[in-house]
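My notes follow the order in which I looked.

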Amino acid sequence: MENIFVELEAYLSHECLELLQRVGDSAQKRGESAYLVGGLVRDVLLCQSSLDLDIVVEGDAIGLARQIARDRDWTIRTHPRFGTAKLSMKEFGLDIAMARSETYQKPGALPVVKQGAILDDLLRRDFTINAMAARLNPGCFGELLDPYGGQGDLSKRIVRVLHQVSFIDDPTRILRALRYEQRLDFHLERNTEKLIRQDLDNLDAVTGERLWHELELILEEKHPEKAICRADELGVLQKLYPALRGDGWLREKFAQARTGGDGPLSLSGIYLALLAYRVDPEDIPVFISRLKMPGWAARIVRDVPRIRQGMSSLAALEIRPSEIYRRLEHQIPEVIKAAAVAADSLVVRERLELYLNSLRAIKPSLSGDDLQEMGVKPRGELGRILRVLRDARLDHEVTLRVEEEALVRRLLTRV
């Protein structure tokens, strides 16, 4: 049996490798077997670093996890119904689960889970390249279990399902297949692509929450447009929502979104806004509902048509910085960035970028407390004068604190 200890040693930190050895030692003493499974095994065989630590135990996974947590004083969260536990530490997290088998009562339904052996657990995985495991027990640490030919598929650079009804059991695997294909620069195995096309309609039975989860994972990829455009090519994207498009425009705009310095903006939020940018405003509520978007995502998508409607006003020949600020201050920054990327007008694009990179950070030197000390009443006048000071700063009418104080005194004489 092949042993991948050398690969694990090369691509894992010393702390991570030591942790896996400790897990194996603890399992051995409990009369159990522990395995490293899934993405990390795949990644080290691809000569890539990874922190995707998933452990499967033939035995009491929660008991083992609690023992490790006590030994290391780590935080633990358990899910007894599924026999899983998550350990949290400063550097990374560790998921420990009992080996289990799954059955599906109907397409798109969550599986019925029961305890099983490691081979049962690997069989329930999505693709052969994710259905490998490495033993962790002493004496056999690093031995590779590859019952479904995952290592061979890695060398062929293909994504292959484990059985013919894989996309019927769990249609969300269709989206994961495209995500892995594009992330790894692989290609779909011929029969797997055929099954995707054949089983597409099963996505209609999947809840919006599960579809959103898969879309969110795609948007968090380094180059999400690759998977989105591939999904469009295979007819998958339209199953998420018919108005979505993955084409040359989207490729270009996603690439542009990664350029320029816009501070701590969420790239996945910008990508979501660009994905929704060409959806008809009247369809936006249906789009949000179809995917059961969480609050942050729904706010971004709802903001897209609002900013599009106001973009023409930003093209005016004469517009002061304070006017730009007022038009954009209540918009989500990620949506503003998406609008700047999508804008056809160079003038509009520059003004959106000006707001993001400069105007939104400009504030008066005087605070509300300062104004009250100068005699401004806390109700009514305070907010108005703060806005006047901010506008004066934006329009370069004042640049120093003393100039702000003089402006406030003039305003107070007019009250």
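By cavity I mean, on a 1 Å grid over the protein atoms alone, a set of points where a 1.4 Å probe fits but cannot get out, and by pocket an open set with protein on both sides within 12 Å along at least five of seven lines; lining residues have an atom within 4 Å of a point. I note that this is a predicted model, in which local features need pLDDT of at least 70 and side-chain atom pairs count only at pLDDT 80 or more, whereas totals for chains, interfaces and linings use all residues. Residues are numbered from 1 along each chain as its sequence is written, and side-chain values use heavy atoms, without hydrogens and water.

I searched the whole structure and found one cavity of 30 Å³ or more. The largest cavity has a volume of about 40 Å³, the volume being the space filled by probe spheres set on the grid points, which are joined across faces, edges and corners. Its lining consists of Ala243, Leu244, Arg245, Leu250, Leu274, Leu275, Arg278 and Val279.

I then turned to the largest pocket, with a volume of about 1,600 Å³. Of its 43 lining residues, Arg100, Glu102, Arg124, Arg125 and Arg176 are the closest to its centre.

In H22, I noted Glu404, Leu407, Val408 and Leu411 as buried, that is, under 20% relative accessible area with a 1.4 Å probe and protein chains only, exposed being over 50% and partly exposed in between. On the other side of H22, Val402 and Thr413 are exposed.

Note on methods: Helices (H or I, at least four residues) and strands (E, at least two) are DSSP runs, numbered from the N terminus.
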